[in-house]
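Thank you all for making the time today. I would like to walk you slowly through a structure that may be new to you, so please have the view open as I talk.

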Amino acid sequence: MNEIFTASVFASTIRLATPYIFAGIGETFGQRSGVLNLGVEGIMLMGAFFGFYVVLLTGNLLLGVAAALFVGLVMGMVTAFISVTMRAEQGISGIGIFLFGLGMSELLFQKLIGTPKSVEGFPSIHLPFLSDIQFLGIGEIFFRHNILVYIAFALVPISSYVFNHTTFGLNVRAVGQNPTAADSMGVNVARIRYYTVAIGGMLSGLAGASLSIALLNVFQQNLTSGLGFIAVSLVYFGAWRPVGVMIGALLFSFVNALQLQISAIGINIPSEFAVMAPYVITIIALVFASKRMEKPDALTKPFERGE
Amino acid sequence: MTTFSHSLGSTFKSLLNRLIDLVPSALALGLALVIAAILLSALNADPIQAFTSLFQGAFGTENATAETLVKSVPILFVAIGICIAFRGGVTNIGGEGQMIAGALGGVSAALILKDAPGIVTIPGSLICGFLAGGLYGGLAGGLKAYFNVNEILSTIMLNQVAVQIMNFLLNGPLLDPSEAGANHIPKTARIAEASELPRLSLTLPEGIANALRSLGFTGEPSLFDRTRLHWGFIIAIVLAVVVYILLWRTTIGYRIRAVGENERASRYAGISVKRHMLLAMFLAGGCAGLAGVVQVLGLTYRLQTDGSTAGFTANAGFNGIVAALFGGLNPIGAIPASAFFGGLLVGAQKMQRDLGVPASLITAVNGLIVVFVVSSQIFVKIRNRRRLKALVTSTSAPLTSPAPHALESEV
Amino acid sequence: MSKKVQFVLLVVLVMLSAVTIVHAQDKPFKVAAVAPSAKNDLAFSQSMFDALTAIQNELGEDKFQFDFQEGTFVVDDAAVALRDWASSGEYDLLIAHGSQYGAIIEELAPEFPDVSFAWGTDVNTFGLPNVFAYTAAANEGGFVNGALAALMTKTGVIGVIGPIEVGDAKMYVDGFVAGAKAAKPDVTVNVTYIQSFSDVPLATEAAKAHIANKADVLTGTAQMVVGPIAVAQENNALWFGTQSSQADLAAGSGVLFQVYKWEVVLRDVIAKIQSGTLGGEAYTLTLANGGLVMEKGAH
């Protein structure tokens, strides 16, 4: 038992959850205001590529993060334009963004870089004193991660606060629940949605960068391998609350880390079932959790004054 | 007389209007292709040559057209299912997994029934495929209806689960007995010839055949001889018509659509929301399942995996959603939409072969096309609203209050 | 006929045949290949692309040309491509580089008996006269890698990250484990199959799990290995690779790579086709026949 539930498994859980949290919270902003963005995966891939490419060229990690945020912002604005101003069907416009991001990132990778390379990504930071705590392996689990991991988890209380205690958050929720009413109260529905989708884009770009310049330190075509879609589904798991998204990300990552650990110590379970486990358990967890589903009523419905 | 010419005039007018509605989509497609041309030039490829290749690959020869239709078959099946699901208010993103489930169910049936005559195995396998996909879709539907598990989450997760189940079965119980040993490629045995969906070739009617002959065409008066086009195509078209009738001419269809339009109102009207959501997902999953089993029976004659969904499905699960929406969530509309997609995908592959253009460019352009076309629909909506307004104010008694001016200023 | 006329006829015939032979040799040998992943994946698809490039460098562009359709993980798209190439009549050899394409070759080859097909990795030619099959005895290089790894590990723990337990991936891993145990019976070799050829994040985490369990040597196969290679570098662990040389990427961590040299097979296949045999043989790359070459890394 001690061999399975090791400190490294929990540390791995926290590390693995990072991109899901970034992308998931980003998507939560958009969905809370009524916009579904299925293109998260595409934005992640573009963010991952540009972050990686900038670091490859300049060696400057902050510049890489800036590049990823910028690309995410641009793609987020485009998504907002399509969903809010052009009022397109949000489900498929998202798929279009996904395909574009998937193809473009791979094309740029092939033409600009050519062959898989690795970079020196964000290093693990050993927080002084805290990272040496031996008791229950707490030092290893919590305090030896790279900075993007800490930022991701810090985002959870920050975004919760924004949703629940700021005017902006109130407006976001109002726009998502009842845009007509919000509009009649003088809230600029379109502008709020542009903000939230742009935030979502930036965080998705950051999620991609967290993969390419922090966790994996390589880039390859389709680096994210479905991660973005899982992140979108975690928003539903978390009932549109950042804490819920975080719990979903941790659960999913935990089961993943566990099945990898079991195999790494030589216990043989059919690998198909091991790989299946995180997905199945996430569904089961949601079945048993009785959550108050605060679904934004206007989710996926474009808004028009006078409708 | 005047009424006749008047109704003829209005039919012509409505046809004209339908055609004009296609203009934004055509312009959007054009814009995407312009950007594609720019990208192609950046890659030192000649755009004219590229687009010629694209067209040649999609419709240039009899074989190319056949391949386009072949490609469109699974997309159409999934799209038909999506029409049911989305109209029923359930967002089914699980087409990939349901297609795999259908393929597994269908191929198992075909292998078990291998000594039976085709008249038994083909319908039997198709039904098993439909049921397998339907059960898999119904699982997500049930989770939503009775446990409040959001279907976007469950279908995305179940897609991955389906792949792993496929890996497990193809590596174990369903493994081709002749494969067991060192090399161990995960695939099933080949289905019996009797179980194959026959190739489809269309004999031209006498009149057309004679006309073509007089123009100098020689050879057999039949299309698609010696191509891979198979009867699955006909089955898909028939299904599209059946589902259209189901959704708009039966009580069940009406109820499914009612639940999709307005859950609360349906409940007050006594319609069991839960049961109809489950039914919608079951039917949608079944259609996607048919996509899977028809691929096996008509094309590949066995099921093989490379560990991913897309190797078998070619992303039909996602393309089907796009096709359904392009077709206006109408199964009949999904037919040309799927053919269009099929042509795009097949033509793009040819472009890659002929010019050495990377496949990723095609994926990116695909995305652009989807984004532009779907954005351009706003112009159709605006135009239709204006036409409706004009119609209402011109043909009926004056309304008590004029239409709100706010309609003109969009948010 | 007078002797003079016979003589002239003979000379004309000889000249004609000389011209025909020269002309036949002037037409470049054209090959088209379809592969499931990118041609720069540092693994399976790259091995074939590199081999075709090597042959082209040997023979010259005017004598040997090839088209390469990469990224064709959709099996049915490969069927369309192969059919398109076959019916164009322009290609002497069509290569289906991926075991998932076998069913296609089985159906397609009989329809085009004048075209030669080659597919791998497998040994099954379906009894067809125009199909060659090729595979690699990946277990041989796996054995070598495993033995060396066992001798070099300081912690006694080795981690293996595999894709799906099939084909040459399975052979490599089995050979690796056997080699390690043969060199040092008490060494621990832990194997994780991540059920995907391309999932880099999962492969990376699998590698990290091994490292956390004291592995200081890692190996793996398929294009997702780019993740584990980075993990090896970050943790000063050693890396053993297969299919292509990952020496550049692995830098200081790379010890030894089993490189597939498909050109060994291709040379023989081309020669056979030019002399009229379009198929019927199965090839295996081995260390002995030079098809497998162990290349050193920078470590």
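Predicted model: local features only at pLDDT ≥ 70, side-chain atom pairs only at ≥ 80, totals over all residues.

**A sheet and a helix**

Stepping back, we find an open sheet of 6 strands in chain C, ordered 7-6-8-9-10-12, in which the pairing is mixed. Strand 7 (188-193) and strand 12 (292-296) of chain C are at the edges and have a single partner strand each, so one side of each has no neighbour in the sheet. From one strand to the next, the twist averages 15 degrees.

What lies across strand 6, strand 7 and strand 8 of chain C? Helix 7 of chain C, residues 200-212, does so, and this helix runs at about 170 degrees to strand 6 (157-162) of chain C.

Let me now turn to chain A, where helix 9, residues 189-215, has 27 residues and reaches 37 Å from its first C-alpha to its last, which is close to the 39 Å expected at 1.5 Å a residue. Helix 9 of chain A does bend, by about 30 degrees, at A209(A). Is helix 9 of chain A mostly covered or mostly exposed? Helix 9 of chain A is mostly covered, with 24 of its 27 residues buried. Just after helix 9 of chain A comes N217(A), which takes a positive phi of about 60 degrees.

How values were computed: Residues numbered from 1 in each chain as written. Chains lettered and ligands numbered in written order. Helix = DSSP H or I, 4+ residues; strand = E, 2+ residues; numbered from the N terminus. Expected span 1.5 Å × (residues − 1). Bend = angle between axes of the 7 residues up to and from the residue. Buried ≥ 20, exposed ≤ 12 C-beta atoms within 10 Å, placed from the backbone. Pairing = 2+ DSSP bridges. Axes fitted to C-alpha atoms, helices over the stretch in contact; angles between N-to-C directions. Contact = placed C-beta atoms within 7 Å.
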